[in-house]
Amino acid sequence: MNMSGVNTVTEFILLSFPCSRELQLLLFMLFSVSYILTLVGNGAIVCAVKLDRRLHTPMYILLANFSFLEICYINTTVPNMLKNFLSETKTISFPACFLQFYFFFSMGTTETFLLPLMAFDRYLAICRPLHYPTIMSSHLCVNLVVLCWVTAFLCYPVPISFITQLPFCGPNTIDHFVCDPGPLLALSCIPAPGIELSCSILSSLIIFLTFFFILGSYTLVLRAVLHVPSAAGRRKAFSTCGSHLVVVSLFYGTLMVMYISPTSGNPSGIQKIVTLFYSSVTPLVNPLIYTLRNKDMKAALRKMQIWTKISQSE
């Protein structure tokens with residue numbers, strides 16, 4: 001493509017949440033507290049699983065990896081958003097914008113791969129209890145987790161490389177708090193329906209294939225649970241799976257609103273709220289969802305708290 005005579009963009013302006021200076025400071029404090037709580041909550045789960053040998057099982061290995069992923073995921077957006085609340089310019093360089101795009105989507109894709117793996121683990125534990133220890137060993141579990149991470153990080157380099165080749169000659173204001181494909185494609189000097197369609201197809205395949213896998217797994221789990229003779233057994237199975245289903249509903253519900261059609265004309269305010277929900281709110285509430293009804297995790301967290309107090313007294 002001949003770009004001679006065109007002034008190309010070297011940086012973008014992330015508009016974030018335009019409001020008065022006082023409200024920006026209030027938002028900064030609010031999101032700072034939320035960010036710290038997210039790091040502490042998910043970090044506590046990772047440490048509890050690592051320190052308590054009773055939790056060295058596939059179910060908790062997956063949960064610890066999921067919590068570690070949430071820590072990584074929130075770090076792709078929130079630190080820069082906090083910086084912008086205090087900044088007058090709110091600029092982000094061209095390479096930094098696309099790096100954020102890459103890591104934000106790679107982390108999100110990793111989550112869409114880990115959630116089905118967690119659902120498959122629960123399916124094996126409930127529907128194939130006798131074969132579960134031999135099928136889902138800790139070694140296989142770790143290998144599957146690594147596969148999720150590697151595959152997710154290989155999904156978006158090609159689409160992103162195509163978007164970086166588009167001419168961006170101004171304006172350079174992104175009405176969002178993250179470098180998102182919809183607003184980025186809207187800033188291109190030329191229409192790119194092929195790239196938009198490929199992003200939409202890729203997002204749709206990832207979201208719907210993993211979602212239907214989870215749906216199928218839990219359909220089989222539900223059928224098996226309903227045949228459990230004891231009420232206590234049914235309650236335990238529902239308790240184990242209920243927290244995961246809540247997380248799946250929160251995450252996939254917002255994803256489907258946003259990324260099936262990235263430039264579908266959703267108002268920018270709605271885009272920001274929905275993106276904020278699945279990228280910041282769900283990582284904050286996930287530790288509560290996974291620990292409130294899990295006796296083993298609560299016991300491990302209490303033990304870790306005792307260890308911390310003992311080490312501090314020494």
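1. A disulfide is counted here when two cysteine sulfur atoms lie within 2.5 Å of each other. In this predicted model, Cys169 and Cys189 meet that description, with their sulfur atoms 1.7 Å apart. Cys169 sits in the loop between helix 7 (157-164) and strand 3, while Cys189 belongs to the loop between helix 8 and helix 9 (193-226). The two are 20 residues apart, and the pair links distant parts of the chain.

2. Are Cys169 and Cys189 buried, partly exposed or exposed? Cys169 has a relative accessible area of 34%, and Cys189 also stands at 34%. Buried requires under 20% and exposed requires over 50%, so a value in between counts as partly exposed. Cys169 is therefore partly exposed, and Cys189 is partly exposed as well.

3. A search of the whole structure gives 2 disulfides. Besides the pair described above, Cys97 is joined to Cys179, with an S to S distance of 2.0 Å. The angle about the S-S bond is -125 degrees, and the link of Cys97 and Cys179 is left-handed. Cys97 lies in helix 4 (residues 94-127), whereas Cys179 lies in the loop between strand 3 (173-174) and helix 8 (181-186). This pair too links distant parts of the chain, its cysteines being 82 residues apart. Both Cys97 and Cys179 are buried.

4. How are the bonded cysteines paired when numbered in sequence order? The pattern is 1-3, 2-4. Cys97 pairs with Cys179, and Cys169 pairs with Cys189.

5. Another cysteine to note is Cys47. Its relative accessibility is 38%.

6. Val150 has a relative accessibility of 45% and so counts as partly exposed.

7. A last point concerns confidence. The average pLDDT of the chain is 86, and 90% of the residues score at least 70. Where is the pLDDT below 50? That applies over residues 1-7. Beyond near neighbours in sequence, this stretch has 7 contacts in the model.

How values were computed:
Residues are numbered from 1 along each chain as its sequence is written. This is a predicted model: local features need pLDDT of at least 70, side-chain atom pairs count only at pLDDT 80 or more; totals for chains, interfaces and linings use all residues. Side-chain values use heavy atoms; hydrogens and water are left out. Helices (H or I, at least four residues) and strands (E, at least two) are DSSP runs, numbered from the N terminus. Buried means under 20% relative accessible area, exposed over 50%, partly exposed in between (1.4 Å probe, protein chains only). pLDDT is the predictor's confidence in each residue, from 0 to 100. Contact means heavy atoms within 4.5 Å.
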